[in-house]
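Please look through the notes below with the structure open beside you.

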Amino acid sequence: MWFGTSAILNNARLYLKSLSIPRLLNLLKLACGFFLSRIVGKPVCIAHPFALSVEPSGHCQLKCPECPTGAAVLSRKKGNMNIELFNKIIGETEKYTFYLNLYFQGEPLLHPQIEKFIEKANKNLIYTTISTNAQLLDDKMCRKLITSGLSRIVISLDGFSQEIYETYRRGGKAEAVKNGILKLIKARKMAGAYSPIIIVQTLAFDHNKHEIPTIRKWCKEVGVDKLEIKTAQMNEFGDGTVQPAREKSRYQNSSEKRYTIPGHSYNHCWRQWSSAVITWNGLMVPCCYDKDAEHILGNTSIDTFSDKIKSPENYAFKQSILSNRNGVKMCRDCPEGRNWFWG
């Protein structure tokens, strides 16, 4: 829920700033390619993704049980993306990209040059988003994020008291998150800026749902722009210590597996056309559900981004989605593609 009309308008201003005729034409071509692919049953790739997710860091200091990084189940190496690779990616995609997620499986604020990433994207008029656990959101970091031109920041606050917060955010401090939010609001006001848009995100679990009204009240009082109550993603490797709140769960009960997403899964996925995900070391993967980079579509540190969009690996994966999406394991746990027309 938004807490003020001005925040909505400011967010719209940031989006409009990132739009251009070439980017809009590319988006139109993307949509045409997506629907043509569904009609002919074969991938039609005539445009570039309009959204990117780039992983500045594969490291995280917390041990969240339903996160593959926190649970230490990822087999791929951890590291930080070098700024030269990031500049190469932006240089090859800025004509088409107007939305950039600066996070994937790690904590982006752990990257020592995170502000340089934001500055590069901002100079190319790209809307930028960071999602953070906010443990490093001190006064210096707040100034960096504001002066670099960050468009939006999503801050995880999965409990108001320390006892409830650390049930999921293991190794984190609830007060550090709340203090970081207050510092960012103050720094933004002192700078006379309207960005980044400050969004607090709470994963809804059984153990924290009674604190959500308190979080909502506090966010509204201190000047947070928006509060998002999000459904928790559950995984096979989870240790069973947390359960999604029934009122805010994406799952249904099933005797065959622990968590099942309801609804029919259609043989299409808009995200396969609209976005791309790049790991800290340059590997391109299909989407954010490929957390361990099992389906590598190319390496942007070696080849150009355009080459990877047209690569045999990319076409083959898209064909698997169009032919039998349920045959792709990671897609069975994804809520996308469950609307006949779009998604």
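1. A helix axis here is a line fitted to C-alpha atoms over the stretch in contact, and the angle between two axes runs from 0 to 180 degrees between N-to-C directions. The model is a predicted one. Two packed helices are described by the angle between their axes and the distance between the axes.

2. Helix α5, residues 139-148, packs against helix α7, residues 174-191, at an angle of about 50°. The axes of α5 and α7 are 9 Å apart. Angles under 35 degrees count as roughly parallel and 65 to 115 as roughly perpendicular; α5 and α7 are therefore oblique to each other. Their crossing is right-handed.

3. Which residues of α5 and α7 meet? From α5 come D139, C142 and I146, and from α7 come G180, K183, L184, A187, R188 and A191. Sorted by type, the residues of this contact of α5 with α7 are five nonpolar, one polar and three charged.

4. The structure holds ten aromatic pairs. In one of them, the ring centres of F34 and W273 lie 5.7 Å apart and the ring planes stand at 65°, so this pair is edge-to-face; the cut-off for that label is over 60 degrees. F34 belongs to helix α2 (residues 21-40) and W273 to helix α9 (residues 271-274), and the pair links distant parts of the chain, 239 residues apart. Both F34 and W273 are buried.

5. Y99 and Y127 form an aromatic pair that is stacked, with 5.4 Å from centre to centre and 10° between the planes. Y99 lies in strand β2 (residues 99-101) and Y127 in strand β3 (residues 127-132), so the pair ties together parts that are 28 residues apart in sequence.

6. Are Y99 and Y127 buried or exposed? Buried means under 20% relative accessible area. Y99 has 13% relative accessibility and therefore counts as buried. Y127, at 1% relative accessibility, counts as buried too.

7. Where is N10 found? N10 is in helix α1, residues 5-18. With a relative accessible area of 17%, N10 is buried. Not counting residues up to four places away in sequence, N10 touches Y194 and I197.

Notes: Residues are numbered from 1 along each chain as its sequence is written. This is a predicted model: local features need pLDDT of at least 70, side-chain atom pairs count only at pLDDT 80 or more; totals for chains, interfaces and linings use all residues. Side-chain values use heavy atoms; hydrogens and water are left out. Helices (H or I, at least four residues) and strands (E, at least two) are DSSP runs, numbered from the N terminus. Angles under 35 degrees count as roughly parallel, over 145 as roughly antiparallel, 65 to 115 as roughly perpendicular and the rest as oblique. A crossing is left-handed if the near helix is turned anticlockwise from the far one by less than a right angle, and right-handed if clockwise. Contact means heavy atoms within 4.5 Å. Ala, Val, Leu, Ile, Met, Phe, Trp, Tyr, Cys and Pro count as nonpolar, Asp, Glu, Lys and Arg as charged, and the others, Gly among them, as polar. Rings of Phe, Tyr and Trp (its six-membered ring) pair if their centres lie within 6.5 Å; planes under 30 degrees apart count as stacked, over 60 as edge-to-face and the rest as tilted. Buried means under 20% relative accessible area, exposed over 50%, partly exposed in between (1.4 Å probe, protein chains only).
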